Amino acid sequence: MTIYILLLLTAFAGDDVWPAFLGAGSTTPSADNIPLTWSPTEAIAWQSPIPGHGQSSPVVWGKRVFVSTVEGPKKDACIVMAFSLIDGTTLWSYSLDNSDPVENSVYVSRAAPTPVVDADRLIVFFESGDLVALDHDGKELWKRSLSQDYGKFQNKFGLSGSPVQTQENIFILVDDEGPSYLVAIDKQTGKTVWKQDRMPRNSWSSPGLVKVGTTEQVVVSSDGTVDGYDALTGKLEWTFSEVGGNTGTSPYDLGDGRFFVAASAGRDGANTQLAKKSNFLMQVQQDGNGFRGVPLWNSDEATPSWASPIAHQGCAYWVNRVGVVYCLDLATGKVHYKERTKQSCWATPVGIGDRVYFFGKDGVTTVLAAGPEFKVLAENVLWDPDAIEPDPKAGANEPTEERQRAAAMFSGPTVYGVAIADGSIVVRTGDKLYCIRD
């Protein structure tokens, strides 16, 4: 027993962190200790149930995994939980009453925004507008309701934008049919630092932080515009409006003021033509008149679903709603290949060493070789589909037969997000955490 404990302590001696949505601010995972292959009976270190249902990604700090979830027929309880990264033990659970309860439905976001965590605190935003800061032991530091402060949210599908953070502040995007805004909030006190009102719109994307020279900008790609705000003051520095269908994916800093913009036509065909022109690499450039966003190249072929595009080892990767991966040259946008994988991805892919992991929404992860040649290294099954019993009540509370049938498609587990730290891949479904580790 003593030897086993010593081995565990040695294995977890690192300080890897995965502190925010899309791994923003994370330490770089090493391919040397991240599993290439796994199965329901191999390399699954632990599984832990989560009450209720949540669509946010896990975050990791100090051997602790943090998740958010909602529970109750009207999403009555907003819940935050901490688990041990070592063995999946529940360390604590915190709950607050939902300040704006709505019907718990697959058509409405359920604990969709991903938390942010740093060395001192965990901050969790719920689509009800409830915002809470906790220390790493679950003690409440402050809380407030943005919907009570700035107006009730009106998007009938809910909100899903995740906060991003600097050392001092978090930034939350509320793009809604009602009051819409980007707000900076002090992490220590919970007080508003600045707030910029925006035109009402329907979008579910998250903001990103992009370093431009010596300054940092909060970049928002959302339903018809791409905008850059000064992170310190909230000043709108530039706007790019030749874009459409950009409602689901989020920008991520690629260095040198560059980030991806991604878009797809709506299911009703809205924005079809403009969306084809709205998948590109953008760079923020500074001149004598201020800043401007300049597309460096555009792809007429690549389109996303919910997964945001990534860059890894000189290539850009998009994955669409049927699992087709587009691999493009990062410098030129030239298509290296367009190949189909097993499943669509709701979670954003992750590049690690000479691999790119595509986490299929139904539990099959396709690992591709990084680079311009399409090569499947592994296809990993997280659970046995024959062992999954569909929820017979899925969609039972939906008002129409059409929506009931559509809801039934989500009666099984869905992979929403991942976190990677200390040689572990933590995968989140609606009601469970899986830890994959050699």
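Which residue in β23 is the bridge partner of Tyr 317? The residue is Cys 327.

## Basis of the model

This is a predicted model, in which local features need pLDDT of at least 70 and side-chain atom pairs count only at pLDDT 80 or more, while totals for chains, interfaces and linings use all residues. Residues are numbered from 1 along each chain as its sequence is written, and side-chain values use heavy atoms, with hydrogens and water left out.

Helices (H or I, at least four residues) and strands (E, at least two) are DSSP runs, numbered from the N terminus. Two strands pair if DSSP finds at least two bridges between them.

## The sheet β21 to β24

Tyr 317 and Cys 327 are bridge partners. Strand β22 (residues 315–319) and strand β23 (residues 324–329) are antiparallel and share 5 bridges. Both belong to an open sheet of 4 strands, ordered β21-β22-β23-β24, with antiparallel pairing. β21 (310–312) and β24 stand at the edges with a single partner strand each, so one side of each has no neighbour in the sheet. On average, neighbouring strands here are turned by 20° against each other, direction ignored. Axes for such angles are lines fitted to C-alpha atoms, for helices over the stretch in contact, and angles run from 0 to 180 degrees between N-to-C directions.

## The sheet β25 to β28

Another open sheet has 4 strands in the order β25-β26-β27-β28, and its pairing is antiparallel. Its edges are β25 and β28 (376–381); each has a single partner strand, so one side of each lacks a neighbour in the sheet.

β25 is joined to strand β26 (residues 355–359) by 3 bridges, and the two run antiparallel. Ile 352 has Arg 355 in β26 as its bridge partner.

β29 is mostly covered, with 5 of its 5 residues buried. Buried means under 20% relative accessible area, exposed over 50%, and partly exposed in between (1.4 Å probe, protein chains only). In a regular strand the side chains alternate between the two faces of the sheet. Gly 417, Ala 419 and Ala 421 point one way from β29, Val 418 and Ile 420 point the other way, and all are buried.

β29 pairs with strand β30 (residues 424–429) over 5 bridges in the antiparallel sense. Val 418 has Val 427 in β30 as its bridge partner. The two strands form a hairpin with 2 residues between them. Asp 422, in the turn, has a positive phi of about 50°.

## Aromatic contacts

The structure holds 16 aromatic pairs. Rings of Phe, Tyr and Trp (its six-membered ring) pair if their centres lie within 6.5 Å; planes under 30 degrees apart count as stacked, over 60 as edge-to-face and the rest as tilted. Trp 346 and Tyr 416 have ring centres 5.8 Å apart and planes at 55°, so this pair is tilted. Trp 346 lies in the loop between β24 (335–340) and β25 (350–352), and Tyr 416 in the loop between α4 (401–408) and β29 (417–421), so the pair ties together parts 70 residues apart in sequence. Trp 346 is partly exposed, at 24% relative accessible area. Tyr 416 is buried, at 11%.

Trp 38, Tyr 357 and Phe 359 form one aromatic cluster. Elsewhere, Lys 195 lies over the face of Tyr 150, at 4.8 Å from the ring centre. A charge sits over a ring if NZ of Lys or CZ of Arg is within 6 Å of the ring centre and within 35 degrees of the ring normal.

## Cavities

There are 2 cavities of 30 Å³ or more. A cavity is a set of points, on a 1 Å grid over the protein atoms alone, where a 1.4 Å probe fits but cannot get out. Grid points are joined across faces, edges and corners, and a volume is the space filled by probe spheres set on the points.

The largest cavity has a volume of about 50 Å³. Its lining residues (those with an atom within 4 Å of a point) include Trp 38 and Phe 359, both members of the aromatic cluster. Val 427, the bridge partner of Val 418, is also among the lining residues.

## Positive phi in two loops

Leu 22 is not a glycine, yet has a positive phi of about 65°. Leu 22 lies in the loop between α1 (2–11) and β1 (44–49). Ala 111, also not a glycine, has a positive phi of about 45°. Ala 111 sits in the loop between β5 (90–97) and β6 (116–117) and is buried, at 1% relative accessible area.

Note on methods:
On a 1 Å grid over the protein atoms alone, a cavity is a set of points where a 1.4 Å probe fits but cannot get out, and a pocket is an open set with protein on both sides within 12 Å along at least five of seven lines; lining residues have an atom within 4 Å of a point.
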